[in-house]
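Cut-offs are given where a term is first used.

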Amino acid sequence: MSVYKSSTGLDENIAAVLCYLFAFIGALAFVMLEKKSRFVLFHALQSVFLFVTLMIGHVLVGFIPLLGPLLASLLTLAVLVLWVILLIRAGQGRWLKLPWIGDLALHQARQL
């Protein structure tokens with residue numbers, strides 16, 4: 001369990017888990033509320049960027065004739081696995097930086 005607290009009063013790892021657990025809404029709340037923990041802010045931003053990208057991806061594969069439903073199903077399965085991994089790693093208090101999205105989140109966390 002993390003000994004560091006976020007500015008919300010929660011342990012950092014619990015706050016980071018909430019960023020992923022309540023995907024978009026929880027992450028946006030922590031982006032607005034978090035003032036001192038770069039760890040929580042990073043996970044909140046990565047969650048927002050990831051789930052926005054995935055929503056766009058789902059819409060785009062829906063336009064592909066014949067293969068669209070299969071690709072959407074595979075994307076959903078991959079997202080579920082990734083979501084569980086992110087929840088576990090955040091709960092362990094570990095940084096898991098995803099390619100591209102994680103880099104963008106880290107850059108933005110340093111700016112805020």
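1. Is K5 buried, exposed or partly exposed? K5 is partly exposed, with a relative accessible area of 44%, where buried means under 20% relative accessible area, exposed over 50%, and partly exposed in between, for a 1.4 Å probe and protein chains only. K5 forms a salt bridge with D11, whose closest N and O atoms are 2.8 Å apart, a salt bridge being a side-chain nitrogen of Lys or Arg within 4 Å of a carboxyl oxygen of Asp or Glu. D11, at 12% relative accessibility, counts as buried.

2. On the basis of the values: this is a predicted model, in which local features need pLDDT of at least 70 and side-chain atom pairs count only at pLDDT 80 or more, while totals for chains, interfaces and linings use all residues. Residues are numbered from 1 along each chain as its sequence is written, and side-chain values use heavy atoms, with hydrogens and water left out.

3. On the overall build: the protein has 5 helices and 0 strands, where helices (H or I, at least four residues) and strands (E, at least two) are DSSP runs numbered from the N terminus. The C-alpha atoms fill a box of roughly 50 × 25 × 20 Å, taken along the principal axes, and of the 112 residues 38% count as buried. Among contacts (heavy atoms within 4.5 Å) between residues at least 6 apart in sequence, 62% join residues at least 24 apart.

4. On α1: 7 of the 10 residues of this helix are buried, so α1 is largely enclosed by the rest of the structure. The buried residues are E12, N13, A15, A16, V17, C19 and Y20, and what covers them includes α2, α3 and α4.

5. On α4: this helix, residues 68–91, has 24 residues and reaches 34 Å from its first C-alpha to its last, close to the 34 Å expected at 1.5 Å a residue, the expected span being 1.5 Å times one less than the number of residues. Its buried residues are G68, V79, L86, L87 and A90, and these pack against α1 (12–21) and α3 (38–61). After α4 comes G93, whose phi is positive, near 80 degrees.

6. On the interior: a nonpolar core is taken here as a set of buried Ala, Val, Leu, Ile, Met, Phe, Trp, Tyr and Cys residues joined through side-chain atoms within 4.5 Å. The largest such core has 21 residues, of which C19, Y20, F30, V40, L50, F51 and L86 touch the most other members. To this core α1, α2 (23–33), α3 and α4 each supply at least two residues, and α3 gives the most, with 7 residues. Apart from this core lies another, of 6 residues, among them L41, A105, L106 and A109.

7. On F30, one of the residues that touch the most other members of the largest core: leaving out residues up to four places away in sequence, F30 touches T8, L10, A15, L18, C19, V40, L41 and A44.

8. A nonpolar patch of about 610 Å² is made by F24, I25, L28, M32, L33 and M55; patches are made of residues with over 30% relative accessible area and no salt bridge, like charges being joined within 9 Å and nonpolar side chains (Val, Leu, Ile, Met, Phe, Trp, Tyr) within 5 Å. The largest share of this patch, 5 residues, comes from α2. M32, which lies in α2, is exposed, with a relative accessible area of 59%.

9. The C-alpha atoms of L104 and F49, which are 55 residues apart along the chain, are separated by 8.3 Å. The structure holds 2 salt bridges, and besides the K5 and D11 pair the side chains of D103 and K97 meet in a salt bridge at 2.6 Å, N to O. D103 is partly exposed, with a relative accessible area of 38%, and K97 is partly exposed at 44%.

Conventions. Areas by Shrake-Rupley, 256 points an atom, 1.4 Å probe, with all protein chains shown as cover.
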